[in-house]
Amino acid sequence: MSSRAFASMPVAWCVRTVIKVCWLVFKLLALWFLSGYAAAQTAASPARSLPLSQLKSGLHYSGKDVQALQADEFANPAQLWLSQGAQAWGQPNAANGKSCVSCHGAVATSMKGVATRYPAIDAASGQLFNLEDRINQCTTRHQQAAAMAPESDALLGLSLLVTQASKGMPLRVDIGGAARGHWQAGAHLYTQRQGQMNLSCAQCHDQNFGQRLYTDPLSQGQPNGYPVYRLEWQKPGSLERRLRSCYAGVRAEIPPWGAVEMRQLALYLMWRGEGLPIEVPAVRK
């Protein structure tokens, strides 16, 4: 081997090494950039059709008589169901002698903030639960009692009681992790035209709130007053009942009670109303 060939070998090796190192650095930088971009996209807040600064409770669109009825602690008709819920909270179950208070203590302290977080993913089952689902799960699992029927006075009373413990606190649901897909499905349902009238939730509550439908102004469809006492129903009702009424109003096929679609739509609505304070016991026309 000549001296020239021998001398040129380290140079060629160095060039190849530098190229390999540069290529490796380039791939690492590209991977870092893409990972950071994906994380930023995940962390970014989803787009809102209504800015948080413009949110208004349904009470804002109610008449003075309804507003006064909700504000009157004694005349508010939902107080009857709240009293029933308070009695049920401390009532031992015949099956095992346990009551809500046995596990949770005083509702005003143990349940404070709970209603602001529902619907939420149940860690054990991975299912999306609304507050009534959670109450029924506690009833069947810990008190060994039968589940309460949807819209029953017993379930509404307890739901009102638990929700009232968060009165004045802002809505703040979690739409990350396993809840993300449910939130996306709820957002789709909200904007999807349905029924014989070919209308979506967004057309009424995003595009035309404040406009009159017959004699009453359309609200923004905010969920911070549920369970709510509606004069139309002459009793309280859950958010699911109200959503089912909207389905009927646009002449769409109504999902069965307990359908995951209703929980997904409720999750989207709770996120959409983020920051609005819970008003229970609320009254609407």
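**Entry 1: Gly258**

I began with Gly258, which is found in the loop between α10 (239–249) and α11; helices here are DSSP runs of H or I with at least four residues, strands are runs of E with at least two, and both are numbered from the N terminus. I noted that the model is a predicted one, in which local features need pLDDT of at least 70 and side-chain atom pairs count only at pLDDT 80 or more, while totals for chains, interfaces and linings use all residues. Residues are numbered from 1 along each chain as its sequence is written, and side-chain values use heavy atoms, with hydrogens and water left out.

Gly258 is partly exposed, with a relative accessible area of 40% (buried means under 20%, exposed over 50%, and partly exposed in between, with a 1.4 Å probe and protein chains only). Setting aside neighbours within four places in sequence, I found Gly258 in contact with Glu240 and Arg263, where contact means heavy atoms within 4.5 Å. I also looked up Glu132, which is 126 residues from Gly258 in sequence and 9.9 Å from Gly258 in space, C-alpha to C-alpha.

**Entry 2: the chain as a whole**

I counted 11 helices and 7 strands in the protein chain, and buried residues make up 41% of its 285 residues. Among contacts between residues at least 6 apart in sequence, 68% join residues at least 24 apart.

**Entry 3: α3 and its partner α7**

I then took helix α3 (residues 79–89) and helix α7 (residues 153–164), whose axes come within 7 Å and cross at roughly 90 degrees; the axes are lines fitted to C-alpha atoms over the stretch in contact, and angles run from 0 to 180 degrees between N-to-C directions. The two helices, α3 and α7, are therefore roughly perpendicular to each other, a label that covers 65 to 115 degrees. On the α3 side of the contact I listed residues including Trp81, Leu82 and Trp89, which meet a set in α7 that includes Leu158, Leu161 and Val162. The residues of this contact divide into 10 nonpolar, 4 polar and 1 charged, with Ala, Val, Leu, Ile, Met, Phe, Trp, Tyr, Cys and Pro counted as nonpolar, Asp, Glu, Lys and Arg as charged, and the others, Gly among them, as polar.

Within α3, I found Trp81, Leu82, Gly85 and Trp89 buried. They cover an arc of only 105 degrees around the axis, which puts them on the same side of α3; the arc is that of the directions from the helix axis to the C-beta atoms. On the other side of α3, Leu80 and Gln87 are exposed. The buried residues of α3 pack against α4 (100–104), α5 (107–110), α7, β5 (228–230) and β6 (235–237).

**Entry 4: the core**

I looked up the largest nonpolar core, which has 51 residues, with Trp89 and Val162 among those with the most contacts inside it; such a core is a set of buried Ala, Val, Leu, Ile, Met, Phe, Trp, Tyr and Cys residues joined through side-chain atoms within 4.5 Å. Its largest share, 8 residues, comes from helix α11 (residues 260–272). Leaving aside neighbours within four places in sequence, Val162 is in contact with Trp89, Val107, Met111, Val114, Leu131 and Ile135.

**Entry 5: two buried loop residues**

Leu171 lies in the loop between α7 and α8 and is buried, with a relative accessible area of 1%. Not counting residues up to four places away in sequence, I found that Leu171 touches Thr116, Pro223 and Met270, among others.

Ser200, in the loop between α8 (179–191) and α9 (201–205), is buried as well, with a relative accessible area of 8%.

Technical notes:
Parallel < 35°, antiparallel > 145°, perpendicular 65-115°, else oblique.
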